Amino acid sequence: MKIQTLETKNLCQSAKNGGCGECQTSCQSACKTSCGIANQQCESSK
Amino acid sequence: MIHCYKLGGLNIVLDVYSGSVHVVDEVAYDMIGMYQQCDRERLVAAMLDKYPNVTRDELLEGCEQIEQLKQAGVLFAPDTFAPIAGQLKEKTSGVVKALCLHVAHTCNLNCSYCFASQGKYHGDRAVMSYEVGKQALDFLIENSKGRRNLEVDFFGGEPLMNFDVVKQLVAYARSREKECGKNFRFTLTTNGVLIDDDVIDFANREMSNVVLSLDGRREVHDRFRVDHAGNGSWERIVPKFQKLVKARQGKNYYMRGTFTHANPDFLKDIETMLELGFTELSMEPVVCAPDDPSALTPEDLPIVLEQYEKLAELMLERHRQGKPFTFYHYMIDLKGGPCIYKRVSGCGSGTEYMAVTPWGDLYPCHQFVGEEAFKLGDVFHGVTNHDVQSEFAACNVYSRPECADCWAKLYCSGGCAANAYHATGAITGVYAYGCDLFRKRMECAIMLEAAKSLDEQ
């Protein structure tokens, strides 16, 4: 049996150290008609 | 909560609240799917029945592996965010950091599917004066508190119909950056008709991002994107877009298309964009009333979902060939994406982000402009409609009952308030059709990242 766990951002940890608010607003970059935040970059992890 | 799905030859298990992604074999896929529903003995028995070539010891070892992942908080992680969702959003509230400046409520094209009613937003034609724009920038600076990065999108209608004011406003913002400790990032969204060398030089010097409207195939584009005489615009704008993108070294732009009931097979339009030399692409489902002839129908849905899957296949193929391209909705950074604050709070419309009309009125976002009940105030007096702003401030993914059981909620933050309002009459509703599309896009995006990650290994 095989399980490969990919490296991902720890969301629980980000509750402690996130929220700087410097990231782009979601609609600003291209879509303008549908909200998605998954494709936004985190400014502090750039 | 977990979400298990098969795509692109991979079995994927997404653990919603930790954000972890696991790629598993068939046996593990079935075991994880049943793990919370029955005890270990029944699980092993069921697996032995389905997979006769796997031993009991191997299955018990698999159970142990699953348990270890659970203990490590990367599988079946509990939802610890629900009780603090309001607090999470509060941390980023009370600060305005982005404005969509409607510098022109007029357009040199006459696209019938335009959500902004041909640029007029159901009102009169108008352009923004320098004085109003300057006041908007002052409003942004004054209300941005400690935020350094401020975003301003020059939007319309067609913003290049008021290009002189755009240039003056950029110069003004730049003149205040240093004294205020701010960094302005500008975006220009244009239909391309008025692009010339002056625009290209200016955009490449000052715009962090340029959004260029092209629907793909010529016949698709020219069906809707016509001038006021009814002539298609494809032939006029494509060479201009190519020149602009070349001058930007192919970076920091999006070729943004809209697909409608007329072209649910939008992958052909993406292929056209690639053939034209564009690699930073975005393709959006049309936003319009359900009775509009261009509206996507229930019958279009399976076609669109299949197109998303085929697009992911094409992207992986091109990535492996060393000819990658970007699709806006498949950009996902599993290691460095948004924090939980962003994931819970959403787009920030009405709080962090507002739209400004040519005469200085403030609205929660560009899609609410023209909806008088949503007017927040104006750039001269600030936000005065605190009731409406409070509704937006209280809006987060946990304030939408329909999102409670959705695995994708921390990727969309509950979706677009404007789409929800237009579909249900409430900003805390959901636009279900859009949700179906979004979930498929996220499945594809995560699969692509998983496949690339496995390739690297």
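How many residues lie between E12(B) and E13(B) in their hairpin, and which residue in the turn has a positive phi? In this predicted model, 4 residues separate the two strands, and B:Gly360 in the turn has a positive phi of about 100 degrees.

Let's stay with strand E12 of chain B, which covers residues 353–356. B:Tyr353 and B:Ala355 point one way from this strand, B:Met354 and B:Val356 point the other way, and all are buried.

Now to the two chains together. Chain A has 40 residues in contact with 73 residues of chain B. On the side of chain A that touches chain B, the elements giving two or more residues are strand E1 (3–5) and helix H1 (11–17). H1(A) gives the most, with 4 residues. The residues on this side of chain A divide into 14 nonpolar, 20 polar and 6 charged.

Strand pairing crosses between the chains too: E1(A) pairs with strand E3 of chain B (residues 20–24) in the antiparallel sense, with A:Thr5 opposite B:His22.

The strand pairs are set out here:

| Strand pair | Sense | Bridges |
|---|---|---|
| E1(A) and E3(B) | antiparallel | 3 bridges |

Definitions and conventions:
Residues numbered from 1 in each chain as written. Chains lettered and ligands numbered in written order. Predicted model: local features only at pLDDT ≥ 70, side-chain atom pairs only at ≥ 80, totals over all residues. Buried ≥ 20, exposed ≤ 12 C-beta atoms within 10 Å, placed from the backbone. Pairing = 2+ DSSP bridges. Contact = placed C-beta atoms within 7 Å. Nonpolar A, V, L, I, M, F, W, Y, C, P; charged D, E, K, R; others polar.
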